[in-house]
Amino acid sequence: MKKKEVPQDDEGLQEGKLRDLCYAVDEDGNYVTVLSTGWAPKNAAMHQAWEEIHEKVEVTRQKVLVGELSMLAYFMEKNIMDLKLLAQYTGIPKRKLKKHMNPRKFQALDREILEKYAEAFTITIEELIDITRLEKAK
Amino acid sequence: MSERNNDINIDFKHHHAAHCENGVTSNLLKNHNINLSEAMVFGIGSGIFFSYMPFIKLNGLPVISFRPYPGMIFNRVCRRLGIMIQRYKFPKDPDKAMDTLDATIAQGIPCGCLVGVFHLTYFPDPYRFHFNAHNIIVYGRQGDEYLISDPIIESPVRLTYKDLKRVRYAKGTFPPKGRMYYMADIPENYDLQKAIVSGIKKTSREMLTIPIPLFGVKGIRYLARRMKKWPQRLGDRKASHYLGQVVRMLEEIGTGGAGFRFMYAAFLQEAAKELKQDWLNDCSRQMTEAGDRWREFAIIAGRIFKGRNDKDESYLAAAEILLDIAEREEKIYRQLKKIKQS
């Protein structure tokens with residue numbers, strides 16, 4: 001890759017927080033490092049991965065709104081977790097997690113357990129149980 | 001806890017790098033007055049590699065990697081330069097992990113830490129996946145905040161006590177368990193030429209002769225053969241996600257472009273100068289060409305994600321490029337295999 005060919009396809013994915021250091025050759029054929037704000041094929045690959053996640057979150061959000069699943073299921077998907085990972089973060093066994101996916105069981109949980117979930121998702125208990133947020137938020 | 005009362009600021013210079021592990025290694029070395037670039041560290045650590053393991057899945061996608069197992073580059077560089085590493089891990093004791101870190105930086109020693117990316121507050125959101133083999137350097141503390149050198153970020157950053165503890169105890173695949181390390185004993189003399197030659201030999205051996213066809217040049221050919229059948233075997237959607245995985249591994253996680261191929265070409269140029277062997281410059285040029293072919297592959301893949309091409313034909317074209325890359329890279333490693341110290 002030539003120095004002047006280092007792509008600068010910024011699509012906001014890096015939020016201005018980071019630029020990739022790329023290795024490229026200058027006019028004399030020597031290697032130099034050049035900063036890049038992104039590259040279209042890479043951005044496309046990132047978008048693809050996120051679309052898949054967003055789809056899952058949206059399906060779960062709908063299920064929570066109609067009362068099929070609890071808020072726990074929504075936040076699990078939103079944090080790209082599965083039962084195994086959530087169990088590791090909270091120390092609550094998978095068998096119990098599955099039960100807590102049921103909205104009625106979830107409502108009956110005491111603060112101590114809710115605290116563990118909120119901690120795992122880095123949110124407050126209020127956010128964890130407030131279903132009205134889901135109606136607006138995507 | 002008493003150690004947390006005083007601020008600590010080790011005189012440490014942060015250098016931006018493409019990849020975290022090379023960057024941490026290079027930055028720690030520079031701090032000990034061993035001035036080696038990221039590319040040099042990458043080459044000595046035999047950082048270039050290829051593996052395709054379709055039987056092991058991460059989030060339902062096959063594992064593809066352009067580098068060796070995490071930690072290998074750091075270990076090999078230290079071994080080849082004769083540096084002693086002090087390592088810790090604290091599987092069940094986060095408080096002790098933080099106390100030991102405090103005590104270490106209080107002695108003026110910058111400390112490498114293994115962390116998970118998902119909860120890194122200074123990372124852009126789209127990059128925050130559950131990936132647990134990220135390396136950062138802690139070089140000080142001000143009040144509740146730690147001074148952090150994350151090699152893939154342009155400038156130094158900070159993390160609070162709570163946030164640092166959280167990322168050091170990320171969960172999931174390959175949990176860091178509070179792992180930390182530092183360079184404990186630096187030799188006065190080291191043989192850079194010998195280290196370079198060992199690094200190159202190991203690379204050519206691994207890319208050419210691992211008898212399992214999932215690794216090295218054989219791995220690239222294996223991926224190409226499988227890729228031709230992806231659209232029929234997996235259906236359009238899944239096939240496109242498999243391809244997305246290849247491109248993300250190739251470009252996303254700080255490879256410096258083309259799955260480290262350009263970084264390795266930069267290393268070969270430095271090696272040519274250091275060893276005074278001009279033929280390595282020629283290898284560097286060939287490696288740049290191979291890297292350019294990897295980029296062409298990514299462009300075709302990018303068109304497939306966006307549905308702009310005739311699908312079946314594109315997968316065949318992408319796979320053909322991979323076969324050509326395997327051919328080119330094999331030629332390079334066969335030349336490199338013959339390297340000797342001048």
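**A quick tour**

Strand 7 of chain B and strand 8 (residues 157-160) of chain B run antiparallel to each other, joined by 4 bridges. Keep in mind that this is a predicted model. Below, we start with the strands of chain B, move on to its helices, and finish with chain A.

**Strands in chain B**

- Strand 7 of chain B also pairs with strand 6 (residues 134-142) of chain B, again in the antiparallel sense, and here there are 5 bridges.
- Leu147(B) is a handy landmark in strand 7 of chain B, with Gly140(B) standing opposite.
- Over in strand 8 of chain B, Arg158(B) is the bridge partner of Leu147(B).
- Strand 7 of chain B spans residues 145-149 and is mostly covered, with 4 of its 5 residues buried.
- Strand 6 of chain B and strand 7 of chain B form a hairpin with 2 residues between the strands, and in this hairpin Gly143(B) takes a positive phi near 60°.
- If you're following side chains here, remember that in a regular strand they alternate between the two faces of the sheet.

**Helices in chain B**

- Helix 9 of chain B covers residues 279-305, which is 27 residues.
- At 1.5 Å a residue, helix 9 of chain B should span 39 Å, and its end C-alpha atoms are 40 Å apart, so the two values agree.
- After helix 9 of chain B comes Gly307(B), which has a positive phi, near 65°.
- Helix 10 of chain B takes in residues 311-336, and Glu330(B) is one of the residues in it.

**A closer look at Glu330(B)**

- Leaving aside residues up to four places away in sequence, Glu330(B) touches Leu208(B) and Val217(B).
- Met84(B) sits 246 residues from Glu330(B) along the chain, and their C-alpha atoms are separated by 34 Å.

**Chain A: domains and confidence**

- Chain A is split into domain 1 (3-38) and domain 2 (52-136).
- Taken over C-alpha atoms, the centres of domain 1 of chain A and domain 2 of chain A are 40 Å apart.
- Chain A has a mean pLDDT of 91, with 99% of its residues at 70 or more.
- Within chain A, confidence is highest in helix 2 (residues 71-78), at a mean of 95, and lowest in helix 8 (residues 132-136), at 81.

Methods:
Residues are numbered from 1 along each chain as its sequence is written. Chains are lettered from A and ligands numbered from 1 in the order in which they are written. This is a predicted model: local features need pLDDT of at least 70, side-chain atom pairs count only at pLDDT 80 or more; totals for chains, interfaces and linings use all residues. Domain bounds come from an automatic or database domain assignment. pLDDT is the predictor's confidence in each residue, from 0 to 100. A residue is buried if 20 or more other C-beta atoms lie within 10 Å of its own, exposed if 12 or fewer, and partly exposed in between; C-beta atoms are placed from the backbone. Two strands pair if DSSP finds at least two bridges between them. The expected span of a helix is 1.5 Å times one less than its number of residues. Two residues are in contact if their C-beta atoms, placed from the backbone, lie within 7 Å.
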